[in-house]
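These are my notebook entries on one chain. I record what I looked up and the cut-offs I applied.

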Amino acid sequence: MSELERAMVDEFGDAYGRSVMRDVVLTGLGDRTAREALGEGVDARTVWLAICEEMRVPEQRRHGVGRLEPGARRDR
């Protein structure tokens, strides 16, 4: 889940990313919001890719986003 949160902030910024998670209805997830889909057990990666499709995120920014670089420290 933290990878999804990092990916959302990286792509959309903090406030807009939260809005996208809460408000954007994703046709690729059966007309649910990302929050609804996650709450119903949909995998975070599937949700991320559905957001990317709906929000027209370029392909080169979809894969590997949100992952920490090797050796990077996680926020505590």
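**Terms and basis.** I count a salt bridge where a side-chain nitrogen of Lys or Arg lies within 4 Å of a carboxyl oxygen of Asp or Glu. I am working from a predicted model, in which local features need pLDDT of at least 70 and side-chain atom pairs count only at pLDDT 80 or more, while totals for chains, interfaces and linings use all residues. Residues are numbered from 1 along each chain as its sequence is written, and side-chain values use heavy atoms, with hydrogens and water left out.

**Entry 1: fold.** I looked up the secondary structure, taking helices (H or I, at least four residues) and strands (E, at least two) as DSSP runs numbered from the N terminus. The chain has four helices and two strands. Their order along the sequence is α-α-β-β-α-α. I then checked contacts, meaning heavy atoms within 4.5 Å. Of the contacts with a separation of 6 or more, 46% join residues 24 or more positions apart.

Entry 2: I took accessible areas from the Shrake-Rupley method with a 1.4 Å probe; for residues, only the protein chains shown count as cover. The chain exposes about 5,200 Å², and carbon and sulfur atoms supply 46% of that area. I call a residue buried under 20% relative accessible area, exposed over 50%, and partly exposed in between. Of the 76 residues, 30% are buried.

**Entry 3: core.** I define a nonpolar core as a set of buried Ala, Val, Leu, Ile, Met, Phe, Trp, Tyr and Cys residues joined through side-chain atoms within 4.5 Å. The largest one holds 18 residues, and Leu 4, Met 8, Met 21, Leu 29, Val 47, Trp 48 and Ile 51 have the most contacts inside it. Two or more residues come from each of α1 (2–12), α2 (14–23), α3 (34–39) and α4 (44–55). Helix α4 contributes the most, with five residues.

**Entry 4: salt bridges.** I found six in the structure. Glu 11 and Arg 61 pair at 2.6 Å, N to O. This pair links distant parts of the chain, as Glu 11 is in helix α1 and Arg 61 is in the segment after α4, 50 residues apart. Arg 61 is partly exposed at 38%. Asp 23 and Arg 22 meet at 3.1 Å, N to O; Asp 23 is partly exposed at 43%, and Arg 22 is partly exposed at 42%.

Which residue forms a salt bridge with Arg 32? The partner is Glu 40, with the closest N and O atoms 2.4 Å apart. Glu 40 counts as exposed at 55%, whereas Arg 32 is partly exposed at 22%. I also noted a salt-bridge network that links Glu 53, Glu 59 and Arg 62.

Key: Buried means under 20% relative accessible area, exposed over 50%, partly exposed in between (1.4 Å probe, protein chains only).
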